[in-house]
Amino acid sequence: MKDFACVLKGVRTAAIAGHIRPDGDCVGSCLATYNYIKTYYSDIDVTLYLEPIPNIFKFLAKAGEIEHSFLEEREYDLFIVQDCGDEGRLGGAAAYFRSAKKTVCIDHHISNSSFADENYIVPGASSTSELVFGLIGEEQITKEIAECIYVGIVHDTGVFQYSSTSAKTMEIAGKLMEKGIDFPKIIEETFYAKTFAQNRILGKALLKSRLYAGGRVIASYVTKAEMEEFEALPKHLDGIVNQLLVTKGAEAAIFLYETEDGGPFKVSTRSHGFVNVAEIAVSFGGGGHVQAAGFSMQGEPESVIQAVVTEMQKQL
């Protein structure tokens, strides 16, 4: 796949979608593509489907046009999947994917199953947003599109600190900055700023954290009851696993939260690179990157943690 232009030829209707519980890269890359089509292909009827996005991303251009309902039956000429490793992660939008005349997947997850008709998968890329930059082309990047892509890159690189950050990533970031975006504000307000609820639930998770594997693995969890006590939503839990990982001596971190009373736990894993957490996530039915991956798992929290620690110890 050379660029978006080659797949948009002759298209009259198009849909864009990302994974469930959209994060910064998912939101940024999808909105960048949506804004691109709306700006340069006014003859194409395009719809962007995502689950409700975090409030911190609602300043991005055309975020208010995102469709959160998947009830209408439609057959699209083209369905573009971004930042999503398999059809099951599309949620309600999967029905549109299955009925579309042509499907394209753009992603950087090493666990991607290449499930679309045409797949553009680059595991070495820092983010899907970085790939979208190349597919749009620097000349057609507007300030609004640049903001979307910058948000995606910032969030999937941890503000350029993860090993997936390359010289190319930094070069692209520089070109986005030249478009006139307020990059310090984007970083501060979408990555670092936390609500009171976020700080309280983070404190709870840190207090409950425990060391495993001789201090090389750190893990914690919060229950549905604790989330209700602190008035925290799943979106408020972003960043907790990364905070666990900064613990001195820890090679990997595990964080889980209860999705519903007695329901499965959503498990997030991170590593400094020695542990391949993508490989572990795949073994439990999930996916992701070498240093950041996730999955869902039923059971008591301590038993879930121990099962993941056991797999990490095999690598350690």
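**Notes on the model**

1. Helix α4 is followed by G137, which has a positive phi, near 100°. Helices here are DSSP runs of H or I with at least four residues, strands are runs of E with at least two, and both are numbered from the N terminus. The model is predicted, so local features need pLDDT of at least 70 and side-chain atom pairs count only at pLDDT 80 or more, while totals for chains, interfaces and linings use all residues. Residues are numbered from 1 along each chain as its sequence is written, and side-chain values use heavy atoms, with hydrogens and water left out.

2. Helix α4 itself spans residues 128-136 and is mostly covered, with eight of its nine residues buried. Buried means under 20% relative accessible area, exposed means over 50%, and partly exposed lies in between (1.4 Å probe, protein chains only). The buried residues of α4 are T128, S129, E130, L131, V132, F133, L135 and I136.

3. H108 sits in the loop between β4 (102-107) and β5 (118-121). H108 counts as buried because its relative accessibility is 2%. Leaving aside neighbours within four places in sequence, H108 is in contact (heavy atoms within 4.5 Å) with D25, D83, V122, P123, A125, S126, S127, T128, L131, D156 and H289.

4. Helix α2 (residues 24-40) packs on α5 at an angle of about 160°, and their axes are 7 Å apart. α2 is therefore roughly antiparallel to α5. The axes are lines fitted to C-alpha atoms, for helices over the stretch in contact, and angles run from 0 to 180 degrees between N-to-C directions. Angles under 35 degrees count as roughly parallel, over 145 as roughly antiparallel, 65 to 115 as roughly perpendicular and the rest as oblique.

5. The crossing of α2 and α5 is left-handed. That term applies if the near helix is turned anticlockwise from the far one by less than a right angle, and right-handed applies if clockwise. On the α2 side the contact involves G24, D25, G28, L31, A32, N35 and Y36, and on the α5 side I145, C148, I149, V151, G152, H155 and D156. By class, the contact of α2 with α5 has seven nonpolar, five polar and two charged residues. Ala, Val, Leu, Ile, Met, Phe, Trp, Tyr, Cys and Pro count as nonpolar, Asp, Glu, Lys and Arg as charged, and the others, Gly among them, as polar.

6. α5 also packs on α6, at an angle of about 145° and with the axes 10 Å apart. The crossing of α5 and α6 is left-handed. A146, I149, Y150, I153 and T157 of α5 meet T169, I172, A173, L176 and M177 of α6. This contact of α5 with α6 comprises eight nonpolar, two polar and no charged residues.

7. The axes of α5 (residues 143-157) and α7 (residues 183-192) come within 10 Å and cross at roughly 55°. The two helices are therefore oblique to each other, and their crossing is right-handed. E147, Y150, V151, V154 and H155 of α5 make the contact with F183, I186, I187, T190 and F191 of α7. The residues of this contact divide into seven nonpolar, two polar and one charged.

8. How many disulfides are there? The count is zero, a disulfide being a pair of cysteine sulfur atoms within 2.5 Å. The closest cysteine sulfur to that of C6 is in C105, at 15 Å, which is too far for a bond. For C84 the closest cysteine sulfur is also in C105, at 6.8 Å, again too far for a bond. C6 is partly exposed at 34% relative accessibility, whereas C84 is buried at 0%.

9. V159, although not a glycine, has a positive phi of about 60°. V159 lies in the loop between α5 and α6 (167-177) and counts as buried at 18% relative accessibility. A213 is not a glycine either and has a positive phi of about 50°; A213 is found in the loop between β6 (210-212) and β7 (217-222).

10. E300 is in the loop between β11 (292-297) and α12 (301-315). E300 is exposed, with a relative accessible area of 59%.
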